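Me: Could you go through this structure with me, one topic at a time?
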Amino acid sequence: MVTDNPAFEARRLVRGAASAVLATQAAGQPFASLVTPATTGDLSVLLLLSSLSEHTRQLRAEPRCAVFFQGQAAEANPQTAPRVTLTGLAAAVPGPEVPALKARFLAKHPYAALYADFGDFALWRVSPAAAQLVGGFARALRLRGAELLPDPAAVAGLAAAEQGILDHMNADHAAAVAAIAAGLPGGGDGAWRMVALDPDGADLALGERVLRLNFSAPADGPEAVRAELIRAARGARPGLA
């Protein structure tokens, strides 16, 4: 549903999606295709696209596009599902940025390592300009870019601290990571690892399975992330710090 922080709700839905629908167009003819998105800290949407695909050829000619994300419906009526339509500009990721952003994409979609280095595949980035959040039947809200995007200072601060937090959690708090994952929808026992972090949550992976831990509020820095992880660990297993 649309809450008192609709931008946060929209970002959580976008970041947690394992798949989405990319809408492009050529000469006025719309075209839609299934894609597997990942996000950067600033909510840019990463897509691994083949140069052989129709949508890639269309984006080269017209970078304006939309990406549609859908959550789970609360009832039998599909219209009760929360969803976000994000509009923006797409561009191929420049060479120097590819290694780091490809690693982030593969953290979300590890199975894509099978073809990520094929010559016809390239990483693209959709920079969000605006979005529409539908929190359920007849509950819609438009968000301008400045309203939608996370705080730039929080993005920069967490980007600098991310690897250290991931290393610390996986090396020193593996039991807490496993407990958090076990308590998430689709989770279970296993040697889960925390593989990505942003102001709105974290991604946990076990083999090719990736789960999303949503924070209860946007994190403005490492201390806020620490508080969220403690809350999640204690919620999953009382008494676990």
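Me: Is helix 1 (residues 6-16) mostly buried or exposed, and why?
Reply: Helix 1 is largely enclosed by the rest of the structure, because 8 of its 11 residues are buried, where buried means under 20% relative accessible area, exposed over 50% and partly exposed in between, with a 1.4 Å probe and protein chains only. Helices here are DSSP runs of H or I with at least four residues, strands are runs of E with at least two, and both are numbered from the N terminus.
Me: Which residues of helix 1 are buried?
Reply: They are P6, A7, F8, A10, R11, L13, V14 and R15.
Me: Before I go on, what kind of model is this?
Reply: This is a predicted model, in which local features need pLDDT of at least 70 and side-chain atom pairs count only at pLDDT 80 or more, while totals for chains, interfaces and linings use all residues. Residues are numbered from 1 along each chain as its sequence is written, and side-chain values use heavy atoms, with hydrogens and water left out.
Me: New topic: how many bridges join strand 5 to strand 6?
Reply: Strand 5 (residues 64-70) and strand 6 (residues 83-92) run antiparallel and are joined by 7 bridges, and two strands pair if DSSP finds at least two bridges between them. Within this pairing, Q70 stands opposite R83 of strand 6.
Me: And how many bridges join strand 1 to strand 5?
Reply: Strand 1 (residues 20-26) also runs antiparallel to strand 5, with 3 bridges between them, and A23 has A66 in strand 5 as its bridge partner.
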